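Subject: Structure for your review

Dear colleague,

Please find below the structure that I am handing over to you. I would be grateful if you could read the notes with the model open beside them.

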Amino acid sequence: MDSSESGLVECSAQVESNRSLNTTERNRLELERKYRWFILEPAILLLFYAWNVSSAVFTNQVVYQACTVTFGFNETLCAELGTENESAAAQELEKEVQPYTANVLMAKSLIESIIPALCSMFIGPWSDKYGRKPVLLSTFIGSFFTYSLVTTICFLSGRYQIDPWYYILAYIPAALSGGNCALITGVFCYITDVTSEQNRAVKMGVLEAAIFGGLLLGTLSSSYILRWTNATTVFGVAATGILVGILYIKLYIEESIRPHELMDSSTSRLREIFRFE
């Protein structure tokens, strides 16, 4: 190949590279205009609302089922646990039930922490190849299955004697889908893709406001929902909120990585999770 042909090849490669960059930048500008006000904030608010609205209720439900099922105490006495009007007998009972409950909650925390932490090391590179939207959807769908299972177990516990350890099984789908680690990775990668350096900090701030807004709303509404209904309804509200978040992402959020930048779908996506290059 002579120098003229070599120069022509280099020129063609440069033109193709510039065209790809222009396409990527044009895509970013289009998404930036679309997401002028909100990006993922509504879905994130709903997810964190679901987590917090059910958190305290879940702990109380585990305590109650441990008291009635595992230890076999009277339901009326067990219902006093965690309330302001505990009798002396209930206080003594609480000393027996709390260590058992702490073990259940610790197992739940381990599942929610260890598996997602391992997944987070691979999710970022994988999403660069196959897109951000699958990561976001998988975390929401995993959480939806978890809260649907928690709702089902809680509902059945009112009719059958169910050990509280079964709740641990319900949290496996959320953990396998990446949990908080995959969610935060996917969200920040997506926002980085669709924002410019000028407005990125503002969008990050709005996202954090949505997170804490969801946590606050969950804390404020949890006791009222429980007082007016029951624990099953609280978990059902959490699952419904996450379902709405899934629909929002599926119908409104566009993939931030263009098709020409994504890896060929014929490649095994599962195998690519464990590749960093």
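The notes below describe the overall fold, then the pockets, then one glycine and the aromatic pairs.

**Overall fold**

Please bear in mind that this is a predicted model. The chain contains 11 helices and 0 strands. Of its 277 residues, 40% count as buried. The accessible surface of the chain amounts to about 15,000 Å², and carbon and sulfur atoms account for 63% of that surface. Among contacts between residues at least 6 apart in sequence, 83% join residues at least 24 apart.

**The largest pocket**

The largest pocket holds about 620 Å³ of space. Its lining consists of 29 residues, and those nearest the centre of the pocket are Asn60, Gln61, Tyr64, Gln65 and Ser157. At least two lining residues are supplied by each of α2 (41–70), α3 (75–78), α4 (88–130), α5 (133–157) and α10 (231–252). Helix α2 gives the largest share of this lining, with 9 residues. Sorted by class, the lining of the largest pocket comprises 14 nonpolar, 12 polar and 3 charged residues.

**The second largest pocket**

The second largest pocket holds about 370 Å³ of space. It is lined by 18 residues, of which Trp51, Lys108, Glu112, Tyr147 and Tyr171 are the closest to its centre. Each of α2, α4, α5, α7 (172–176) and α8 (179–194) contributes at least two residues to the lining of this pocket. Here, too, the largest share comes from α2, which supplies 6 residues. The lining of the second largest pocket divides into 8 nonpolar, 8 polar and 2 charged residues.

**A glycine in helix α10**

Gly245 is located in helix α10. Is Gly245 buried or exposed? Gly245 counts as buried because its relative accessibility is 0%, and the cut-off for buried is under 20%. Beyond its neighbours within four places in sequence, Gly245 is in contact with Ala43, Leu46 and Phe140. The C-alpha atom of Gly245 also lies 7.3 Å from that of Pro42, although the two residues are 203 residues apart along the chain.

**Aromatic pairs**

The structure holds 10 aromatic pairs. One of them joins Phe58 and Tyr167 in an edge-to-face arrangement, with 5.3 Å centre to centre and 80 degrees between the planes. Because Phe58 lies in helix α2 and Tyr167 in helix α6 (residues 166–170), this pair ties together parts that are 109 residues apart in sequence. Both partners count as buried: Phe58 has a relative accessibility of 3%, and Tyr167 has a relative accessibility of 0%.

A further pair is formed by Phe144 and Phe145, which is tilted, at 6.1 Å centre to centre and 55 degrees between the planes. Phe145 counts as partly exposed, with a relative accessibility of 49%.

Ring pairs also link Phe58, Tyr167, Tyr171 and Phe235 into a cluster.

With kind regards

Technical notes. Residues are numbered from 1 along each chain as its sequence is written. This is a predicted model: local features need pLDDT of at least 70, side-chain atom pairs count only at pLDDT 80 or more; totals for chains, interfaces and linings use all residues. Side-chain values use heavy atoms; hydrogens and water are left out. On a 1 Å grid over the protein atoms alone, a cavity is a set of points where a 1.4 Å probe fits but cannot get out, and a pocket is an open set with protein on both sides within 12 Å along at least five of seven lines; lining residues have an atom within 4 Å of a point. Grid points are joined across faces, edges and corners, and a volume is the space filled by probe spheres set on the points. Helices (H or I, at least four residues) and strands (E, at least two) are DSSP runs, numbered from the N terminus. Ala, Val, Leu, Ile, Met, Phe, Trp, Tyr, Cys and Pro count as nonpolar, Asp, Glu, Lys and Arg as charged, and the others, Gly among them, as polar. Buried means under 20% relative accessible area, exposed over 50%, partly exposed in between (1.4 Å probe, protein chains only). Contact means heavy atoms within 4.5 Å. Accessible areas come from the Shrake-Rupley method with a 1.4 Å probe; for residues, only the protein chains shown count as cover. Rings of Phe, Tyr and Trp (its six-membered ring) pair if their centres lie within 6.5 Å; planes under 30 degrees apart count as stacked, over 60 as edge-to-face and the rest as tilted.
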